Amino acid sequence: MSKGIQYQYKEGNLSASEPNKLKAENLHSEEMILNLGPQHPSTHGVLRLEVLMEGEIVKEVVPHIGYLHRCFEKHAENLPYNQIIPFVDRLDYVAAMNNEHVYAMGVERMLGIEEQIPKRVEYARVLVAELNRIASHFIAIGTYGMDIGAFTPFFWIMRDREHIMRLLEWASGARLLYNYIWIGGLFYDLPIGFEEKCEEFVRYIKPKFQELEEILINNKIFIDRTANVGVLPLDLAINCGVTGPMLRASGLRYDLRRVDGYSVYPALDFEVPIGEGKMGKVGDCWDRTYVRYLELHESIKIIEQCLVQLKGDHKRTRDFDPQALVPKKIRPKMQDLYVRGEIPKGELGFFFRADGRNDFPFRCKCRSCSFVNLSVLPEISKGILVADLIAIIGSLDVVMGEVDR
Amino acid sequence: MSLDEFKNIIESTSLKQEVKFDMNARPHAIILAAEDLLAVCEILQRNPATYFDMLSCITGIDNGAEANTMEVVYNLYSIPFNLHLMLKVVLPRENPRVESVSGIWKTADWLEREVFDMYGIQFLNHPDLRRILMPADWEGYPLRKDYKHQDYYRNIKVEY
């Protein structure tokens, strides 16, 4: 190989490194294999689908993933616990605060300091996590509308999401990948005036939800495209390990914020919306979007209660140090721990094994909800039209950064 | 529900080896022999007192050349009873193989493929055991402790 050239042509380079699962010689007449992706705007990232079709009817879907694999678990085995947090941000990069919250909770549980975290820190964590949940659901609903032809709601939603991004940038210094929630505390206390700005944001955003419902959720074309499409029955959903809004849309009132009651969520008052099949069957694409839409209202409720606490019982004091409990050296005792929490897409879990001799985790496995939610796609997309396949992918709300890790 | 109650349920199937407990793990773990796994998972899912309807997570672990073992850890969860349970299977490092549970929980399909991809653990009777995150022609299993990546992948230098 000549100097300076990284890559040379060889015939074998062109053969697929991800070969198709279905073989062309096994096809019946009238059948064909269509390749969707990995670069396709409706796949929400680098997802490749191998679709077996007969005419316009989809007979089988084989997802191929791994195009965004960044070796999170290998990196985690070579980094101290606190330096893993920026990597955790990059799993589900539209809801980084929620990821950090679950991860920090896991390490604190290993260290045994979970109960000692000051209430102000906990309320601030929940506040930023719920803000980020709204931003994530905005992306889910907005891009979903765009997938099936509604362009305007996307711009409206992005305009409103910008306010959240500005708020979180003010708190943490970054727009998307925050590194704000630290093990044992926060990077900084909330900036002065943040609570007031949040209240202003809440007043601003509430009428916008109404707008969103009118332009997208109750739109006749949107309902026609999504109702009765991609119905996911509850028993299949549970057997496939589906969690989050997808499972709730199938009719189960199951939210880890309520079931596990971690952090300060037991003290907060909010509902867990479920799909009721208002426009079609329970568990169809419209239900999934509607559950996300209803969760926006619930997140606003939580934010309002957090703001009351942050301005009342747990208000800022001059000597409050959010890093007071941040350990200088993180070396948990020898143990295995599985921790889980609710992020906008579902159940994010971390399996830790600490060996007690190192500052690095011996094993840090991330159970990502997008990965598991995506694996249900082949089950619910048999015998549908190609256009409906796009509608189903959008309604899963997968983020490829979390699928591939 | 305590581990002893789980043990009573498990022992209604004829186990080939005695089970052990790991109280150091949260949730508490039951250590099984690889050949018992499938029967135990089946009884835990079907028994009306446990009804573990959800498989949360499958983790592969390589304990390194010194211990010379690998582990597969299953995290089960029961939605109706709000029960957690961890199952552990210890495998030899040479030719590790265990029965697939994808017939019981469909989640296991992709989760086991990931463990196979990263550790090379064979899941017997798995419907579709292919690599999932790495390219199909990648050499070696990246999360093994003694893993050395290849120098060139399709004439592209791996070390950048």
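**Reading a span and an interface**

Reply: The end C-alpha atoms of residues 32-152 of chain B lie 40 Å apart, and this span is 21% helix and 31% strand. Helices (H or I, at least four residues) and strands (E, at least two) are DSSP runs, numbered from the N terminus. This is a predicted model, in which local features need pLDDT of at least 70 and side-chain atom pairs count only at pLDDT 80 or more, while totals for chains, interfaces and linings use all residues. Residues are numbered from 1 along each chain as its sequence is written, and chains are lettered from A and ligands numbered from 1 in the order in which they are written.

Me: What does chain B average in pLDDT?

Reply: pLDDT is the predictor's confidence in each residue, from 0 to 100. Chain B averages 87, and 99% of its residues score at least 70.

Me: How many residues of chain B are in contact with chain A?

Reply: Two residues are in contact if their C-beta atoms, placed from the backbone, lie within 7 Å. Here 34 residues of chain B are in contact with 37 residues of chain A. Strand E4 (54-62) and helix H4 (108-119) of chain B are among the elements that each supply at least two residues to that side; E4(B) gives the most, with 6 residues.

Me: Which strand of chain A is joined to E2(B)?

Reply: Two strands pair if DSSP finds at least two bridges between them. Strand E8 (residues 335-343) of chain A is joined to E2(B) by 2 bridges, and the strands run parallel. In E2(B), B:Ala25 stands opposite A:Asp336.
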